Structure formats: structure tokens, C-alpha cells
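This report concerns a single protein model and is written for a reader who is new to protein structure. Please keep the sequence and the three-dimensional view at hand while reading.

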Amino acid sequence: MRLSFMGAAHEVTGSCYLLQAGEKNILIDCGMEQGRDIYENQPLPVAPGQIDALLLTHAHIDHSGRIPLLVKNGYKGPVYATNATTELCGIMLRDSGHIQEFEAEWRNRKAKRSGGEEYQPLYTVADADAALAQFEGMDYNVEFEVLPGVRARFVDVGHLLGSASIELWVTEGEVTKKLVFSGDIGNSNQPLLRDPQYLKEADYVVMESTYGDRSHGPRPDYVPALAALLQSTFDKGGSLVIPSFAVGRTQEMLYFLRQIKEQGLVRGHGDFTVYVDSPLAVEATHIFKDQWAECYDAEARALVEQGVNPISFAGLKLAVTTEDSKAINFDRGPKVILSASGMCEAGRIRHHLKHNLWQPESTVLFVGYQTPGTLGRALVEGAKEVRLFGETIEVRCRVEVLAGVSGHADNEGLMRWAGSFEPKPARVFVTHGEDEVCDIFANRLQAELGLAATAPYNGGCYDLVTGECLEPGNRQRIKEAEKAGPARRQNPVYRRLADAGNRLMNIIKAKEGHANKELARFASQLEALCDKWQD
């Protein structure tokens with residue numbers, strides 16, 4: 001029984017864990033990396049076609065974004081997720097496929113002019129559709145069989161609509177171990193969603209550490225703070241631009257803005273317009289409305305039961321088409337622009353930044369975590385100028401952060417979640433945090449809670465029966481590797497070919513003992529294929 005860490009190890013994004021028990025291979029999350037890559041990722045030690053099942057903690061792309069690629073490369077098994085996660089992935093993975101196609105088209109136009117090689121997208125919208133056909137939505141708190149000898153249960157963790165921690169019971173021979181994968185642990189007392197549920201028992205725990213070294217501080221009263229920012233910005237004649245994650249944060253901000261309008265907290269500009277400029281955010285908002293019964297907290301549920309939509313109000317305009325988006329910049333009245341992406345790495349927000357960063361009367365408000373290496377992080381850290389669409393833009397606007405608005409628990413919340421296990425687990429694996437933060441938080445778990453805690457590296461592998469580390473993983477940073485020699489980044493198309501070869505070898509091994517006539521026919525087909533492709 002082995003657990004390997006294939007992503008988000010000493011890094012914040014790209015969550016992916018491989019659990020192997022006997023002949024069974026199970027993935028927990030299959031996320032895409034976002035922002036700067038610190039450590040060279042290690043390839044999965046098995047081909048996608050050898051994976052038997054995948055469990056998904058939630059829909060964010062850094063946890064789900066490579067599922068279509070996995071399916072494209074041969075994965076045929078089920079993808080288990082909560083009902084709301086399944087619904088959200090229906091829009092988010094298609095959107096990701098569209099982005100991959102758009103980037104490939106853009107790169108290939110440049111390659112044609114320069115004579116460069118054709119760029120292949122990681123996957124397409126069609127690949128995303130194929131992956132979505134393999135999703136199986138599950139209810140919270142219902143135990144189900146993943147595979148013979150493997151049972152699972154999703155428990156609400158309060159991070160995003162449908163987000164979950166996963167309890168996993170795995171039996172190999174006479175040994176049964178319980179694993180808990182935290183997913184992203186939610187912040188307490190946030191709008192719309194329930195607080196994270198605490199779990200009590202586990203042999204091994206894999207937990208995130210995004211804010212493992214930081215506290216959100218005293219919970220601010222978000223509504224007055226946001227109202228004051230609106231007032232000062234509108235009084236100067238500017239716009240409030242909010243780079244916001246399309247799924248989760250956008251809906252929370254709509255909740256606050258509804259309260260501000262309802263209570264008349266902005267004087268002289270009470271009829272201000274709020275634009276949601278993201279087709280993905282628009283679709284996600286509809287899903288939030290539909291999934292309230294299973295996911296909303298008591299306050300939001302009460303509003304719905306009174307006939308009040310907690311994320312809708314007068315003056316809310318949804319921009320879907322490109323023309324809708326462009327028209328926003330011609331609206332000279334007081335307005336809020338909520339647009340994706342939340343870290344300003346892609347999407348329509350970059351156009352709104354281009355139109356507003358240089359204007360002293362405008363305000364850019366960040367309401368979520370900004371990964372190192374992203375445009376959002378640069379602006380938060382005080383960049384004086386940035387490059388957008390090949391143009392240098394001077395940053396003259398006001399840049400603010402609404403403190404405490406986070407979908408992630410801070411270090412106190414993480415410690416409360418980890419401290420709920422009794423008896424103590426054999427080991428806690430700390431992942432999904434910045435390089436130094438993973439070690440800081442692992443050390444804190446040991447010092448304050450007396451937990452055996454480890455921050456594994458990418459490719460690290462542990463025996464869950466003996467607790468032994470079988471493979472320490474890759475500890476060499478990419479920059480250090482580049483100093484030592486040219487970086488060796490494996491071509492994803494070649495990796496697909498290698499995975500297909502591994503899958504073929506497994507089929508060949510399974511044919512042992514079959515009829516000679518069948519084996520001879522198979523061998524002839526393979527020899528013909530080899531003759532065709534041999535140099």
C-alpha cells in the first residue's frame with residue numbers, strides 16, 4: 001500500500017496524489033499548475049489506462065484541470081465527486097479546454113510567421129466533454145464503494161460550492177488503513193457556504209497549507225469595508241475593478257454587494273451598476289442558485305426560503321458576449337467590474353486592467369490569494385508598471401486588498417482542523433503550500449500538536465503499512481537544475497506515446513496463457529505496427 005505525491009508538493013497548485021493498493025491504482029485530484037513552477041514535476045509511474053478510479057475534492061482547476069488530459073491519454077475509469085463539483089466541472093473544464101484551444105491557435109499563428117513548430121493544446125473542449133461523461137456525482141456524508149476493498153465518503157470542507165474532504169478506507173490483504181485528504185480547507189464564517197466539518201479518525205492525513213504561515217487576523221466586517229471603498233472610488237469618478245475567481249469568490253462578492261445596496265451604504269451613488277464580466281462566472285452563479293439546498297449555510301438558506309436570491313439585486317448586469325464586455329468601458333457612471341481570472345493571468349480582467357490601471361481615480365481590489373509569479377501578485381506587491389498585450393502600462397490607480405476574504409482557512413483554522421483527530425494519525429503529509437510554508441507548517445504541527453508531520457516533495461512515495469519513505473522525491477529546484485545543465489522537460493505528446501506503450505505492455509502480460517492462435521495473431525499485428533513505424 002503506497003501513496004505518491006505527484007503535484008502540489010512544496011508548491012501551491014497542481015494537486016495530484018496516487019494511491020496504490022495491490023493491483024489497484026487510485027488518483028486523488030488531478031490538477032493543473034498555475035503560476036511559477038518551482039520543482040520539476042515527476043510523471044505518473046503508471047499509464048492513465050492503468051488507473052482504476054479518480055476521486056476529486058473540488059472543481060477548482062488546480063485540482064481538476066488535468067482530468068481531460070488524463071482521459072485523452074487513456075483513462076477509462078469513473079471520476080467520483082460531489083454533485084455540485086460535478087456541475088461546476090461541467091462548465092470549468094469546458095472553459096479550460098476552450099482556453100487551451102485559444103492559446104494553441106494564437107501560438108500557431110506566431111509559429112507560422114516564424115517557421116516554428118506547431119503547438120498542440122493540452123486538450124480541447126471535446127476532450128473535456130469526454131472526461132465529463134465519466135463523472136459520477138455523489139451526496140455528502142454517504143459512504144460508497146470505489147473499488148472492491150476501497151470505500152470513500154465526501155465531507156463538506158467549506159471552501160467552494162461542493163468542496164469536500166475525502167475519507168478513504170483501503171484494504172490490502174489483512175490490513176485496512178483509513179486516509180483523509182483534506183482538499184482545500186475553507187475559511188470560517190464566510191458568506192453562502194457552511195463552515196468546514198472536522199474529522200476525528202485517520203491513520204494518515206494529507207492536508208493543505210496555503211496559509212500555513214499566516215493569519216487572516218480579526219475577521220473584518222466586510223460590508224462596511226467594501227462600502228467605504230466604493231464610496232471613495234465613486235466620489236473620485238472612478239471604477240472599482242475586482243479581479244475575482246469566477247467560481248466562488250464572484251458569488252461571495254455579489255452577496256456583499258447585495259447587502260450594501262439593500263442597506264443603502266453608498267451615498268449619492270446608490271444606483272451603481274455591478275458588471276459580472278465572465279461567461280464562466282455567469283454560468284457558475286446559476287449553479288450556485290440551483291445547489292443551495294445541499295451547500296448553503298443557515299443564513300443563505302433562510303434568504304432563499306423567504307424568496308430572496310442572496311446573489312442578485314437591481315443594477316446587476318451579466319456580460320456574456322465580447323460586445324457586452326467591450327461596452328463596459330464606455331459606461332462612465334459609477335460601477336463595479338467583477339471579472340476573471342482572479343490572479344489576472346488570463347481572461348477579460350486583463351482588458352479591464354489595461355483601461356483602469358493608469359487612472360488615478362480608479363481602484364483595483366484583490367479579494368483572493370495571489371500565487372507567486374502571477375500578475376496579481378506583482379500588483380499586490382506594488383509593481384509600478386506592468387506589461388499587458390505587448391504594452392507597458394503605468395500603475396497609477398489605487399490597489400487594495402480586502403483582508404480576510406479568503407476561501408482558505410488561515411494557520412489558526414488549519415491547526416484547529418488538524419487538531420481534531422483523536423487518536424493522532426500515524427503521519428500528516430503537508431502539501432499545497434509555498435515551498436517554505438510547507439516546512440514551516442509541518443514543523444508547527446510537530447511542535448504544537450505533537451503530530452508526526454512531513455512535507456513531501458514531488459515524486460515522493462511512502463509505504464502506508466510500515467510508514468517508510470520509499471522515495472524522497474525531487475528536491476532540486478528548476479533554476480538549480482538549469483544551472484547544472486539544460487532543463488529536460490518532457491514533451492507531453494511524447495509522454496502520451498510512452499503511456500500508450502506502457503499500457504500495451506500490460507495488455508501483453510495479461511495475454512499470457514491465452515490460446516496460441518490468438519497470441520500469434522496479436523504478435524503479427526504488433527510486428528506489422530513496428531515495421532510501419534521503425535526508422
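The model is a predicted one.

## Pairs of packed helices

Two packed helices are described by the angle between their axes and the distance between the axes.

| Helix pair | Angle between axes | Distance between axes |
|---|---|---|
| α3 (residues 83–114) and α4 (residues 125–132) | roughly 155 degrees | within 7 Å |
| α5 (residues 222–235) and α6 (249–263) | about 75 degrees | 10 Å |
| α13 (residues 411–418) and α14 (residues 435–449) | about 55 degrees | 11 Å |

How are α3 and α4 oriented relative to each other? An angle over 145 degrees counts as roughly antiparallel, and the axes of α3 and α4 cross at roughly 155 degrees; the two helices are therefore roughly antiparallel. Their crossing is right-handed. On the α3 side, the contact is formed by Cys 89, Gly 90, Leu 93, Arg 94, Gly 97, His 98 and Glu 101, and on the α4 side by Val 125, Ala 128, Asp 129 and Leu 132. Sorted by class, these residues comprise 5 nonpolar, 3 polar and 3 charged ones.

The pair α5 and α6 has an angle of about 75 degrees, and the two helices are therefore roughly perpendicular to each other. Tyr 222, Val 223, Leu 226, Ala 227 and Leu 230 of α5 meet Met 253, Phe 256, Leu 257, Gln 259, Ile 260 and Gln 263 of α6. This contact has 9 nonpolar residues, 2 polar residues and no charged ones.

The helices α13 and α14 pack at about 55 degrees, which makes α13 oblique to α14. The crossing of α13 and α14 is right-handed. From α13, the residues Asn 411, Leu 414, Met 415 and Ala 418 take part; from α14, they meet Phe 441, Arg 444, Leu 445, Glu 448 and Leu 449. The contact contains 6 nonpolar, 1 polar and 2 charged residues.

## Helix α7 and its cover

Helix α7 spans residues 279–290, a total of 12 residues. From its first C-alpha to its last, α7 reaches 17 Å, close to the 16 Å expected at 1.5 Å a residue. Which residues of α7 are buried? They are Leu 280, Ala 281, Val 282, Ala 284, Thr 285, Ile 287 and Phe 288. An α-helix has 3.6 residues a turn, so residues three or four places apart point the same way. The cover over the buried residues of α7 includes α3, α6, β13 (273–277), α8 (292–295) and β14 (316–319).

Ser 163 lies in the loop between β8 (150–156) and β9 (164–172). Its relative accessibility is 0%, so Ser 163 counts as buried.

Leu 69 belongs to helix α2 (residues 67–72). With a relative accessibility of 9%, Leu 69 also counts as buried. Leu 69 and Arg 332 are 263 residues apart along the chain, and 43 Å separates their C-alpha atoms.

Val 465 is located in the loop between β22 (461–463) and β23 (469–471). Is this residue buried or partly exposed? At 40% relative accessibility, Val 465 is classed as partly exposed.

Most residues other than glycine have a negative phi, and most peptide bonds are trans.

A cis peptide bond joins Ala 340 to Ser 341, with omega about 10 degrees. Ser 341 is in the loop between β15 (335–339) and α11 (349–356). The bond from Glu 422 to Pro 423 is also cis, and its omega is near 5 degrees. Pro 423 is placed in the loop between α13 and β20 (427–431).

Phe 389 is not a glycine, yet its phi is positive, at about 55 degrees. Phe 389 sits in the loop between β17 (385–388) and β18 (391–394), and is partly exposed, with a relative accessible area of 45%. His 432 likewise has a positive phi, of about 50 degrees. His 432 occurs in the loop between β20 and α14, and is buried, with a relative accessible area of 3%.

Note on methods:
Residues numbered from 1 in each chain as written. Predicted model: local features only at pLDDT ≥ 70, side-chain atom pairs only at ≥ 80, totals over all residues. Heavy atoms only, no water. Axes fitted to C-alpha atoms, helices over the stretch in contact; angles between N-to-C directions. Helix = DSSP H or I, 4+ residues; strand = E, 2+ residues; numbered from the N terminus. Parallel < 35°, antiparallel > 145°, perpendicular 65-115°, else oblique. Left-handed = near helix turned anticlockwise from the far one by under 90°. Contact = heavy atoms within 4.5 Å. Nonpolar A, V, L, I, M, F, W, Y, C, P; charged D, E, K, R; others polar. Expected span 1.5 Å × (residues − 1). Buried < 20%, exposed > 50% of the residue type's maximum accessible area, 1.4 Å probe, protein only.
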